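Thanks for coming. I will take one model today and go through it in a few minutes. Please look at the display first.

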Amino acid sequence: MDDARDVRHRDHQNWQGCVGSVPLIRAIVRPVGDPRMYGELAAWFHLVTAPADYADEAAEIVRLLGDHGVLLGPTNPDASVLELGSGGGNMASHLKARAHLTLTDIAPAMLALSATLNPECEHIEGDMRTP
Ligand SMILES: C[S@@+](CC[C@H](N)C(=O)[O-])C[C@H]1O[C@@H](n2cnc3c(N)ncnc32)[C@H](O)[C@@H]1O
C-alpha cells in the first residue's frame with residue numbers, strides 16, 4: 001500500500017490543477033488515467049460521470065451506425081452490440097432499449113457497477129486486447 005507521501009507525489013504528477021489537497025478528491029475530479037477509479041473508487045463513478053451525460057454520445061453512435069447501415073431500434077429487433085470497455089454502463093443505459101448488448105470490461109468493479117444500472121444486460125470480464 002502507498003504511504004501518504006507517495007500518493008501525494010504520484011497525484012501531483014498525474015493531476016494538473018487539483019481541487020483540495022486530499023488524493024481522493026483529486027481522483028474524483030479527474031478519473032481518466034487513474035486506475036483506482038475503476039477499482040477501489042468504482043462506486044463513485046456515477047457521481048463523477050453520470051448516465052445522463054452520455055445521452056448525446058449514445059445518439060451519435062446510433063446515428064453513425066445508421067449511416068453504415070446498422071440500424072438500432074424497432075426496425076432491427078435482432079441487433080446486437082458488443083461494447084469493449086463498457087465501464088459503468090452509462091452508454092449502455094441509453095442503447096439497451098435498441099439492441100441486445102454484451103458489455104465487457106477488464107475491471108470487475110466496473111462490471112458490478114454497470115450491472116446495477118443494466119441488470120438485464122450480459123456482462124463479461126475481459127481485456128479488449130486479448131486476441
Ligand atoms: C471511461 S470508462 C468507460 C465508460 C463507459 N463508456 C460508460 O458508458 O460508462 C473506461 C473503461 O475502460 C476499461 N478498460 C480499460 N482498459 C481496458 C482493456 N484493456 N480491456 C477492457 N476494458 C478496459 C476500464 O476498466 C474502464 O471501466
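The cover over the buried residues of helix H6 includes helix H3 (45-48), helix H5 (90-95), strand S2 (100-105) and strand S3 (122-125). Contact here means C-beta atoms, placed from the backbone, within 7 Å. Helices (H or I, at least four residues) and strands (E, at least two) are DSSP runs, numbered from the N terminus.

This is a predicted model: local features need pLDDT of at least 70, side-chain atom pairs count only at pLDDT 80 or more, and totals for chains, interfaces and linings use all residues. Residues are numbered from 1 along each chain as its sequence is written.

Which residues of H6 are buried? In H6, residues 108-117, they are Met 110, Leu 111, Leu 113 and Ser 114. They sit on the same side of H6, because they cover an arc of only 160 degrees around the axis, taken from the directions from the helix axis to the C-beta atoms. Buried means 20 or more other C-beta atoms within 10 Å of a residue's own; exposed means 12 or fewer, and partly exposed is in between. Of the protein's 131 residues, 22% count as buried.

Now the strands. S1, residues 80-84, runs parallel to S2, and 5 bridges join them; pairing takes at least two DSSP bridges. Glu 83 stands opposite Leu 103 in S2.

Last, the ligand. It is surrounded by 17 residues, and the closest are Gly 85, Gly 87, Asn 90, Met 91 and Ala 107; the cut-off is a C-beta atom, placed from the backbone, within 6 Å.

Terms used: Two residues are in contact if their C-beta atoms, placed from the backbone, lie within 7 Å.
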